[in-house]
Amino acid sequence: MATNGMATNGLSTSGLITNAMNTSAFITWFNQDVSLANMVMHYVVDCGISDGSSRTWTNPTTGIQYVWNGKWGLTPGWASGLPATELEQQLITACMAAYTNKYGRAVDISIQGRDALGTPIPVGTHEFTTFAQREACFFGNIFNGEGVYAGSDARLSTDKSSVRACGLKTPGTGDKCPPIHQVDPCSEICKPDLQNNYYVTCSYNGKAYPAITTRIQLSDINVCGDGVCQISESCGTGFTPDSCMDCGPCP
């Protein structure tokens, strides 16, 4: 996202209203990498606009029409056509980071947090039971260059790894998903809600950001030593994801 200009080109200044998406800045940004831009807009609208609403845009360069559907409704002001506030930029950043998957594999996740008005994201029946593994907290602001961050919300043993890898990570490993920067555990830098189900804000470099918290299913944790070479494991002779006997000796 960062290297393709989302933070510095049309998307950061244009917003989501139809007229803004017809500006030269947005059109130039979109056509730099149409496939990537289409994916980015899919997630921007998914995060910012409420379920049942959508944004439709026709690319004046190609004549192709795109339809992006909303889901979470985190930024009602921006969705209504107002300029995105700093809070709304932060929420879009956190939500998009929460969706990021290092290995490009579709994984069901549970998302918790609050919208720009402070309303909690609804939690479905049995959601915490189905998604029993606490995963990560995401926050930051990629629109103004402050960066995007993730903290683990649990500690994996050294033989385990996550198919997502950007938040929940094995001890001793470095950043797995640049430009997402992995920081201290959520419990050390974030403030939870009253029920301790999710984090309301996380702080980094002296600044507090609204957070999006994620959970995954226990089945999406891989274990080195189970005899199956998983996507988050590498060749080797040991019992750690980066040297896992399940994948055989390295050539």
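Predicted model: local features only at pLDDT ≥ 70, side-chain atom pairs only at ≥ 80, totals over all residues.
User: How many aromatic pairs does a search of the whole structure find?
Analyst: Rings of Phe, Tyr and Trp (its six-membered ring) pair if their centres lie within 6.5 Å; planes under 30 degrees apart count as stacked, over 60 as edge-to-face, the rest as tilted. Across the whole structure, the number of aromatic pairs is 15.

User: What kind of pair do F30 and W68 form?
Analyst: F30 sits in helix α3 and W68 in strand β2 (residues 65-69), 38 residues apart. Helices (H or I, at least four residues) and strands (E, at least two) are DSSP runs, numbered from the N terminus. Both F30 and W68 are buried. Their ring centres lie 6.1 Å apart with planes at 50°, so the pair is tilted.

User: And what kind of pair do W57 and Y66 form?
Analyst: The ring centres of W57 and Y66 are 6.2 Å apart. Their planes stand at 25°, so this pair is stacked.

User: Which residues have the most contacts inside the largest nonpolar core?
Analyst: A nonpolar core is a set of buried Ala, Val, Leu, Ile, Met, Phe, Trp, Tyr and Cys residues joined through side-chain atoms within 4.5 Å. The largest has 45 residues. Those with the most contacts inside it are F30, M41, W57, W68 and I212.

User: At what angle do the axes of α3 and α4 cross?
Analyst: Axes are lines fitted to C-alpha atoms, for helices over the stretch in contact (heavy atoms within 4.5 Å), and angles run from 0 to 180 degrees between N-to-C directions. Helix α3 covers residues 24-32 and helix α4 residues 34-48. Their axes come within 5 Å and cross at roughly 115°.

User: Where does S157 lie?
Analyst: At 35% relative accessibility, S157 counts as partly exposed. S157 lies in the loop between β5 (147-152) and β6 (160-162).

Methods: Residues numbered from 1 in each chain as written. Heavy atoms only, no water. Buried < 20%, exposed > 50% of the residue type's maximum accessible area, 1.4 Å probe, protein only.
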